[in-house]
Amino acid sequence: MEKTENQKTLRPPFSFLLRDLLKCEDKKKACIYTILGMVIVLLIGGGLLSLRDDLDRIVNILAPLFMGLVTITGLVNLAVLLFVRSKRWPSLLMGFLSLLSLNITGGIYTLAIGKSEIIRPAYTDREVPMDMSASTSLFVEERPTYQEGYDKENNVVVRVVSKKAKTKPYQVRGIEDVSAKNNWKGWLYLAPVIILVSVFLIYPLVSTIFISFTSSYNYQTGSFDGLTFRNFTFILGLTTKSPINDAREVFFTKYAIPNTFILVIVTVPISTMLALIIAVALNSIKWFQKALQTIFFLPYVTNGIAVGMVFSVMFDQSGVINYIFGTNIAWISATAQRATAFIPLVIYIVWNSIPFKILIFLSGLQGIDKQYYHAAQIDSAPRHKVLWRITVPLLSPQILYILITSFIGAFKEYTSIVGLFNGPGTAGKSDPNMETIVYYIYDNISEPSIASAAAVFLFVIILAFTALQFAASKKRVHY
Amino acid sequence: MKKYIDFHAVKDQTAPSNIVLSLDESDKSAEAIRTGDKVSRIIITILTYIFILALAVVIVFPFYWMIITSLKQNEEIQASTQTFFPNIVMWSNYVHVLQVFKFGIYMRNTIVVAIISTAGTLITTILAAFAFGKMRFKGKEAVFLIFLMTMMIPGEMMVITNYITVASFGWIGSGQTIYDAYAAMIVPFWTSVFYIYLLRQNIKQIPNELYLAAKVDGKSDWSFLWKVIVPLVSPTLISIVILKFMGTWNSYVWPQLVTAGSDSNFQLISNGLRGSGFVDPDSGNVEYGYQMAATVLVTVPLFLLFIFFRKYIMKGVGRAGIKG
């Protein structure tokens, strides 16, 4: 007759929401709609941006409307998500409305799901297994299905009286703590955190997005001259500010974006590969394993600024690196080329970032069942095959976790540059040739509108990159 | 010589009696094969050790160079022939640095900020993690989800508005006192969603029976939290304390922003280190000996912390996966 056990499915909390909103059961279709929504928003945004010079008034009117629409649909989406969890939401209109907000909220959801799954690998530590099943919100109970007709197994005739879902599945709960059901004390315990989080985390998020659309925001008085898209066009070098005091609008596209991407693309693969090799080697040795492990962890417990200064001494023109290799290259001094200046920076970032990766990889390696290796030994599999066919696949959750965290970290490179160059580059403030996006943000903090626009830019890039990476590697991660 | 026989085809028929199974290494004795294996294993082990040790040298070298340079004379540092051990050990570099570099003041600031922000974080984190992990009330899951979402937002998004917020509290700008500076550096960091998440996972694993037993015994939530939960999760709490302390010690950007333009006596250790140039007034060159001595002074406390709490740090980092 009826399926007595409710099948619990491991679905992330939002995928069903998106699908229900869009009235489609197919995950792929939901993705396509999401992308469509993103394209629409981008087209509108791009169209508005193209009107930048002559039709600023229209932009001024449309920008708040546009932002308002996005905000409202986002809030509606959030409300649906939070309060209409188990019911099907029938309205197509809802789906259509949420298309607009999907690109923002969807990104955050994807990340939220991603994060909750990605963090798990760090818990391979046997002593503290992470209790994933404990967070009930991650599990969606499916309604049992009833089929009309004769049920042979139980010898009964089934007649469906109502297709309405029971509001709550029947449960035996044992002793119920009734007083705890609506416990206002819980909010009391949460109060300090809620106040702090809303003042220093949630409000700034909204406010920064808002400021990025204001024109010349004054942080002392909080006043601004209307809403505009000009901040974004300014940092992208499309418009200049009316009082041209310096050429800062060029720096973002000329230095900040390329530098950031170069650092991300170069340092992440190098440090991850190196860390993986070192971790495998460390795992295979018997003597001094703990001591060497500690040595490889040392760069983690250092002050980023201090070690950056040490590297700048080592890479001095009369420093030890030139002495060892018999060269006379200006690595970081004022006469240094931009391309050569990247070398010490990359070496420093890699040096600084491998300890954490080695630690995560090692804890992953120690969690791999030795049986796989015994089996490989019996088959006399060559070493490189063991590495690629056993170790790397079984380590893939850790690799994914490391890749995502290090990509995000590499996008936010700042301290290394301050430590190494004592400024935005080899040539000082007038030509900040090693500047990154984050450096640009901090450098322009006295002009909040522009700094906010750059911050929103970074936020969007990180969100997109992470979502992309997560989607791409979802299939690659074994088990 | 090799022979291949398809045993599937042979199975039903009478097998020929003259099959010889031969191996690649059939000309060697078992003893020879075993020694060969042994030799190759030893060679691989040696190669692995060489590789690891070489990399370990690369990892350690900057520390070595920092210490060595801090004990050299400036002429020796700038010389064309670099020495790997100072000709004259200049302990006086440290004496000079301790006079010029306001190590004590920076140290005091850093420790005050670290202690107060860590204490605040601990309190808010314990309360919130307990509420999320053990208590039951409406809207809990929703709030927790919102909290989780905030973890995806890069900190750079917050800095600008937090700067404005802190300025509106009057904690930065002209007339900034040391207490204002402390408040600006401490209060925004009194909570960390990640630590709440970490501790909540830990608290959730504590069996509910303990909670119910405490309830039957008439204990309030409050005393249950401090008498039972906190002692049980103390390893995680220690990890949080150490990570938070390291975070404060290494924090640069925010303290730099909120103390810029006012007294340099308000700065934390990283800012003090980067801010003090150690430039020779006559030649305009940076005196690397002094600079490296200051760097050693900044690095050593962290190393001491690491030596004493190695287990907690490595475990905490592995679990938390974040710096600061």
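Predicted model: local features only at pLDDT ≥ 70, side-chain atom pairs only at ≥ 80, totals over all residues.
Biologist: Then in chain B, what share of contacts between residues at least 6 apart in sequence join residues at least 24 apart?
Modeller: Chain B is built from 16 helices and 0 strands, and 52% of its 324 residues count as buried. Taking its contacts between residues at least 6 apart in sequence, the share joining residues at least 24 apart is 68%.

Biologist: Which helix of chain B gives the most to the side that touches chain A?
Modeller: The contact takes 107 residues from chain B and 114 residues from chain A. Polar contacts link 16 residue pairs across this interface, and there is 1 salt bridge, too. On the chain B side, 17 residues come from the top contributor, helix H2.

Biologist: Which residue of chain B forms a salt bridge with Lys412(A)?
Modeller: Look for the place where the closest N and O atoms are 4.0 Å apart. The partner of Lys412(A) there is Glu156(B).

Biologist: Is Tyr323(A) buried, partly exposed or exposed?
Modeller: Tyr323(A) sits in helix H10 of chain A, which gives 3 residues, the largest share, to a nonpolar surface patch. That patch also includes Trp91(B) and Phe84(B), among others. Buried would need under 20% relative accessible area and exposed over 50%. Tyr323(A) has 33% relative accessibility, so it counts as partly exposed.

Technical notes
Residues numbered from 1 in each chain as written. Chains lettered and ligands numbered in written order. Heavy atoms only, no water. Patch = residues over 30% accessible without salt bridge, like charges linked within 9 Å, V, L, I, M, F, W, Y side chains within 5 Å. Areas by Shrake-Rupley, 256 points an atom, 1.4 Å probe, with all protein chains shown as cover. Salt bridge = Lys/Arg side-chain N within 4 Å of Asp/Glu carboxyl O. Helix = DSSP H or I, 4+ residues; strand = E, 2+ residues; numbered from the N terminus. Buried < 20%, exposed > 50% of the residue type's maximum accessible area, 1.4 Å probe, protein only. Contact = heavy atoms within 4.5 Å. Polar contact = N/O pair within 3.5 Å; in protein donor to acceptor, adjacent residues only side chain to side chain.
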